[in-house]
Amino acid sequence: MHDIRLIRENPDAFDAALARRGLPKQSAELLSLDERRRALMTEAQLGQARRNEASKAIGAAMAKGDKDVAEALKAEVASLKERMPAIEAEEKLLGEQLQAALAIIPNLPAADVPDGASEEDNVEAARWGTPRAFDFAPKEHADLAPPLGMDFETGTRLSGARFTFLRGDMARLHRALGQFMLDVQTREHGYEECNPPVLVKDEAMYGTDKLPKFAEDSFRTTDDRWLIPTSEVSLTASVMGELLDESALPMRLTALTLCFRSEAGAAGRDTRGFIRQHQFEKCELVSIVRPEDSEAEHQRMVRAAETILERLNLPYRKLLLCTGDMGFGARKTYDLEVWLPGQGAYREISSCSNTGDFQARRMNTRYRVAAEKKNEFVHTLNGSGLAVGRTLVAVIENYQNEDGSVTVPEALLAYMGGITRLEPKA
């Protein structure tokens, strides 16, 4: 959410930042709504003050026996009383219209975010690992995994497209990946493990910028709750409406949860295989920090996600997203893309974003600045550490053998109960 006062102070800078996102100027329309709303607020305040003044004057006029003045004052008070509800209603309506307009405007990009129109303009910041040289033609996971326990047919029969039924050692490997991620993030990177609800209210979705713009991308229940698209929603919104002590920051939270996305905006993309599912698991990372710490925290979070890929010996590259490819709530984002030999391409496996105070304003979450005795909005950050299903795909493709089996990565052996290889079944 944007601060209308900052737009009021520098509308040209606001419009210039939107232009970097490929959006038209919007300050004039916003400021027109704001000006009309503030004019009505002033009128209401002056009207109330005059009403109080006139009401007091009635008694004085009656005491003097000045009936005509008293009657005139009564008429004025009655007129003001009649007019006030209309003013207040109009002011409220304009306020709601202003909030609704602000709610669908994306975050402004940080100064060091590269300009660009699409993913083609993202900047590669780093690359790690060397893709394995196969002495046979590597397969894509969708072809390799069904005999290993990735049952697409049963998932589709039970729930429709983009659902998968994992069986046996494949399910065990999936669970091992999630546990491994959670252990690394809690034991080595200081994130507090949480087990949050996966059903949330409108306020939590709105506060984390998933509503109103992305309602169609999420699933809603019959009692008007939402299935979380990511536990970023639950973890970040856990401080919604709070005034935090500065000593409590930074807060670092993690959770391994089911996530649900309708993928309404991704029609026709990755329909084959396990990459883009309606139901999936993710190890989420959330940080809540002071504004001056958010850039360093962003780098720290990206490093926490990179650690998982390196421990699994999965080659990846790090991209700094351009203005045209960043998510709605982000001011700066790094994506990690893992190498998939079956596809011969790098594919996204983690996205780590600094949202600045964008979500905090929507959630009304502040902290007490001890030295200055004032309250400021926190900064929030979120990232994947990692998406479990996509990591499973990467392991299958990178650790595949010519006979159709998959070797279990060394980092996961402690979680696999003696299983060192997934063997295909007829």
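## Basis

The model is predicted: local features need pLDDT of at least 70, side-chain atom pairs count only at pLDDT 80 or more, and totals for chains, interfaces and linings use all residues. Residues are numbered from 1 along each chain as its sequence is written, and side-chain values use heavy atoms, with hydrogens and water left out.

Helices (H or I, at least four residues) and strands (E, at least two) are DSSP runs, numbered from the N terminus.

## Helices H7 and H12

Helix H7 spans residues 168-187 and helix H12 spans residues 388-398. They pack at an angle of about 115°, and their axes are 10 Å apart. Axes here are lines fitted to C-alpha atoms, for helices over the stretch in contact, and angles run from 0 to 180 degrees between N-to-C directions.

On the H7 side, the contact is made by Met170, Leu173, His174, Leu177, Gly178 and Met181. These meet Val388, Gly389, Thr391, Leu392, Val395 and Ile396 in H12; contact means heavy atoms within 4.5 Å. By class, eight residues are nonpolar, four are polar and none is charged. In this scheme Ala, Val, Leu, Ile, Met, Phe, Trp, Tyr, Cys and Pro count as nonpolar, Asp, Glu, Lys and Arg as charged, and the others, Gly among them, as polar.

## Asparagine 398

Asparagine 398 lies in helix H12. This residue counts as buried because its relative accessibility is 7%, where buried means under 20% relative accessible area, exposed over 50% and partly exposed in between (1.4 Å probe, protein chains only).

The side chain of asparagine 398 reaches the backbone oxygen of alanine 394 at 2.8 Å. Not counting residues up to four places away in sequence, asparagine 398 touches Arg132, Phe134, Leu314, Pro315, Trp339 and Pro341.

## Leucine 340

Leucine 340 lies in strand E12, residues 332-340. With a relative accessible area of 2%, leucine 340 is buried. Its contacts, leaving aside neighbours within four places in sequence, are Ile275, Ala345, Arg347, Val393, Ala394 and Glu397.

Tyrosine 316 is 24 residues from leucine 340 along the chain, and the C-alpha atoms of the two are separated by 9.3 Å.

## A three-stranded sheet

An open sheet of three strands has the order E8-E14-E15, with mixed pairing. Its edge strands, E8 (243-245) and E15 (374-377), each pair on one side only. Neighbouring strands of this sheet are turned by 40° against each other on average, direction ignored.

Strand E14 (residues 366-369) pairs with E15 in the antiparallel sense over four bridges; two strands pair if DSSP finds at least two bridges between them. Arginine 366 has phenylalanine 377 in E15 as its bridge partner.

Definitions and conventions
Polar contact = N/O pair within 3.5 Å; in protein donor to acceptor, adjacent residues only side chain to side chain.
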